[in-house]
Amino acid sequence: MGVPSCPEAGIPFIINSKTIYQGHIMFKRHRLLLIALLAGIFIPASAQQPSCRIIGTVTDIDDGSVIRLSTFAFDAKMLDSTVVKNGQFELTVPINETTAQNMLGLTYYKSQKDYATTQLFAEAGATLKVLMSRDYDKCSVTGSPLNFIQKVYNEKRKEFSARIIPLREAARDEKLSEAERQEKEKQANEEYKKMVEFEQDFAYQNIDNILGVRLITNSAPMMDKAFLAKAAKEIPERFCNNPEVVALKEGLATEARTAEGRPFVDLTMPDPKGKTVSLSTYIKKNKLTLVDFWASWCGPCRASIPGVKKLYEKYRKQGFGVVGVSFDSKKESWLKAIRELALPWPQMSDLKGWQCAASPAYNIKAIPFTLLVDQQGTIVGRNIDDEAALVSKIEEMLK
């Protein structure tokens, strides 16, 4: 019913701000220190304003173009801007809670086809050299430990993507036999698990800096829950007010409240005819209910429907029921998908997309997502991805 859950990190690929980059910059630091001592330079610490200097070069962006600096997030906060002159630009970034606890983005935007963007971390005292281009692969950031580590991480992720994407495509190739497609899917899942292990290991080794913390918060949906619980407790205190860290901890608390053995959270939404219905109504009718959180635009959701149908047809006479809760925002798309997929079970949706009430109720960050709830309203299964394990649980509960 999806990609198997991922075990805790195990890949021996360790790289962090304590162990990397030091040799790369040691000679430069010693030379600069010697020059400063010979020149008699002394600046009291209290007089220094922590900042990070950005020296940028553009390859295909016209002079006079505006380069904007902002936090790199869905709710991006504009921080500063400058203008390209003679193919270059400069910015000085003050180091404060906002700039130290966020990845930052440099952006040039003229139209949907004419833009350039790159990301970086601002570090106190660093002078970053940035190359910006409309071709994202040509962009680069050098000059500080975190940005060097980010480059290593990006390169490793590209290696995984180069292996996983062709396997996923082959798994959908109708020219291959069913057995061959299943084998490709199996290989893709194995590579995906290795990638998650790498993500977890890399994040944990960098948990003392914003790169690691950001990786944990952004990749939480794909990470092992036991790993997340452990990592959340070890995130340094200075990041406790970071919005993404706060959201992560709140989400984990929600998952604990809606874990196996805990009561389900009721949802009330319109059905396809506009009638207000509640999840509890269906749960009381069935001996066991699979709640399927999905959306018409979600490819993996649609791909999982045939498997859910098989379960429904096989066990419905024994008291097994299914309820669909959609993350759609457009009613026409939702209704069309119900018709196209010939879904025989009840459906409900508040048509709010990712703002769906189900998201905060169960900390749903990715779909498809499923719950198994018994007739008494107790959650007996939460997002069981393995098909064999799901079948085993259903048969156990329907005895």
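Modeller: Start with one definition. A residue is buried under 20% relative accessible area, exposed over 50%, and partly exposed in between, using a 1.4 Å probe and protein chains only. This is a predicted model, where local features need pLDDT of at least 70 and side-chain atom pairs count only at pLDDT 80 or more, while totals for chains, interfaces and linings use all residues. Residues are numbered from 1 along each chain as its sequence is written, and side-chain values use heavy atoms, with hydrogens and water left out.

Colleague: What share of the residues in the protein is buried?

Modeller: Of the 399 residues, 45% are buried. The accessible surface comes to about 21700 Å², and carbon and sulfur atoms hold 53% of that surface. Those areas come from the Shrake-Rupley method with a 1.4 Å probe; for residues, only the protein chains shown count as cover.

Colleague: How many helices and strands are in the protein?

Modeller: Helices (H or I, at least four residues) and strands (E, at least two) are DSSP runs, numbered from the N terminus. Here there are 12 helices and 15 strands.

Colleague: Which strands does β2 pair with in the antiparallel sense?

Modeller: Pairing requires that DSSP find at least two bridges between two strands. β2 (residues 66-71) pairs with β3 (residues 78-83) over five bridges, in the antiparallel sense. Ile-67 has Thr-82 in β3 as its bridge partner. Six residues separate β2 and β3, which form a hairpin. β2 also pairs with β5 (residues 104-111), again antiparallel, over four bridges. There, Ser-70 stands opposite Gly-105 of β5.

Colleague: Now charges. How many salt bridges does the count give?

Modeller: The general idea first. Side chains of opposite charge can pair when their charged atoms come close. The rule for a salt bridge is a side-chain nitrogen of Lys or Arg within 4 Å of a carboxyl oxygen of Asp or Glu. The count comes to 15.

Colleague: Where in the chain do Asp-114 and Arg-134 lie?

Modeller: These two form a salt bridge, with the closest N and O atoms 2.6 Å apart. Asp-114 is in strand β6 (residues 114-120), and Arg-134 is in the loop between β7 (127-132) and β8 (140-142), so the pair links distant parts of the chain, 20 residues apart. Asp-114 is buried at 15% relative accessibility. Arg-134 is partly exposed at 33%.

Colleague: What about the helices? How close do Glu-191 and Arg-163 come?

Modeller: Their closest N and O atoms are 2.8 Å apart, in a salt bridge. Glu-191 sits in helix α4 (residues 178-205) and Arg-163 in helix α3 (residues 145-171), so the pair ties together parts 28 residues apart in sequence. Glu-191 is buried at 13%, while Arg-163 is partly exposed at 36%. Within α4, Arg-181 and Glu-178 lie three residues apart, about one turn of the helix. Their side chains meet in a salt bridge at 2.6 Å, N to O. Shared partners also join Arg-163, Glu-191 and Lys-194 into one salt-bridge network.

Colleague: Last one. Which residues is Thr-254 in contact with, leaving aside neighbours within four places in sequence?

Modeller: Contact means heavy atoms within 4.5 Å. Thr-254 contacts Pro-360, Ala-361, Tyr-362 and Asn-363 beyond those neighbours. Thr-254 lies in helix α7 (residues 243-257) and is buried at 8%. In the protein, among contacts between residues at least 6 apart in sequence, 64% join residues at least 24 apart.
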